[in-house]
Amino acid sequence: MTPEPPPPPPHPSPHSPPRPAATPAQALSAMDDLIAASMIGQQEMAQRLGLNVTDLTCFGYVLQAGEELLTAGDLAARVQVTTGAVTGILNRLERAGYVTRRADPKDRRRVRVAAVPSAVARAYALYEPHYVRLNALFADYSPEEIAVLTDWFTRATALANAYREELRLRHDPSE
């Protein structure tokens, strides 16, 4: 779930702490800590919103898409579930008042998923204080450093998705 952050300031804060040297092992350990904190945080956020984590993740993708409404198939692909499973997810999100389904104007056989404005407001109210803090943290970094972070996050996400797909295609779960 990513509310639109305000743009970062043009230069790092003069009060930024110096960057300590770090090894790839230390960076991976810090990343593991961030992932664990994020997973626990998402569980807490989902619970507070009356959702499960998978449903919240789907809702986050709907929010991220904005006006470019996603299809059920788009969501299924992003969350790595079947189209049948995403139907159940959308049913729950719709019953809970988070999304509505709209007929695709170009193909009436497909539906597109739109966020309900009041649900967007509830989610943003919960997430915004965290994103304010994250943006304050980004203020400690130069635009060049933020570009490196963005590149790393994007490439690491692609690696994670590719590895997850590789695991999915393996026949022996113990491999």
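The legends below describe close-up views of one predicted protein model.

In this predicted model, local features need pLDDT of at least 70 and side-chain atom pairs count only at pLDDT 80 or more, while totals for chains, interfaces and linings use all residues. Residues are numbered from 1 along each chain as its sequence is written, and side-chain values use heavy atoms, with hydrogens and water left out.

**Figure 1. The protein chain holds 6 helices and 3 strands.** Helices (H or I, at least four residues) and strands (E, at least two) are DSSP runs, numbered from the N terminus. Along the sequence the pattern reads α-α-β-α-α-β-β-α-α. The protein chain has 175 residues, and 25% of them count as buried. Buried means under 20% relative accessible area, exposed means over 50%, and partly exposed lies in between (1.4 Å probe, protein chains only).

**Figure 2. Three strands form an open sheet in the order 1-3-2.** The pairing is antiparallel. The edge strands, strand 1 (70–71) and strand 2 (99–103), each pair on one side only. Two strands pair if DSSP finds at least two bridges between them. Strands of a sheet pair through backbone hydrogen bonds, either parallel or antiparallel. Strand 2 pairs with strand 3 (residues 111–115) over 5 bridges, in the antiparallel sense. Strand 1 is joined to strand 3 by 2 bridges, and these two also run antiparallel.

**Figure 3. V113 in strand 3 is a bridge partner of R101 and of L70.** R101 has V113 as its bridge partner in strand 3. L70 has V113 as its bridge partner too. Elsewhere in strand 3, A115 stands opposite V99.

Figure 4. Helix 2 (53–65), strand 3 and helix 5 (117–138) are the elements that give two or more residues to the lining. Helix 5 gives the most, with 3 residues. By class, the lining has 8 nonpolar, 1 polar and 2 charged residues. Here Ala, Val, Leu, Ile, Met, Phe, Trp, Tyr, Cys and Pro count as nonpolar, Asp, Glu, Lys and Arg as charged, and the others, Gly among them, as polar.

**Figure 5. F59 and Y98 form an edge-to-face ring pair.** Rings of Phe, Tyr and Trp (its six-membered ring) pair if their centres lie within 6.5 Å; planes under 30 degrees apart count as stacked, over 60 as edge-to-face and the rest as tilted. The count comes to 3 aromatic pairs. The ring centres of F59 and Y98 are 5.0 Å apart and the planes stand at 80°, so this pair is edge-to-face. The pair links distant parts of the chain, 39 residues apart: F59 is in helix 2, and Y98 is in the loop between helix 4 (83–95) and strand 2. Both residues, F59 and Y98, are buried. The charged end of R122 sits over the ring of Y98, 4.7 Å from its centre. A charge sits over a ring if NZ of Lys or CZ of Arg is within 6 Å of the ring centre and within 35 degrees of the ring normal.

**Figure 6. Q80 and T82 lie in the loop between helix 3 (72–79) and helix 4.** Q80 has a positive phi of about 65°, although it is not a glycine. Most residues other than glycine have a negative phi. Q80 is partly exposed, with a relative accessible area of 38%. T82 counts as exposed, at 54% relative accessibility.
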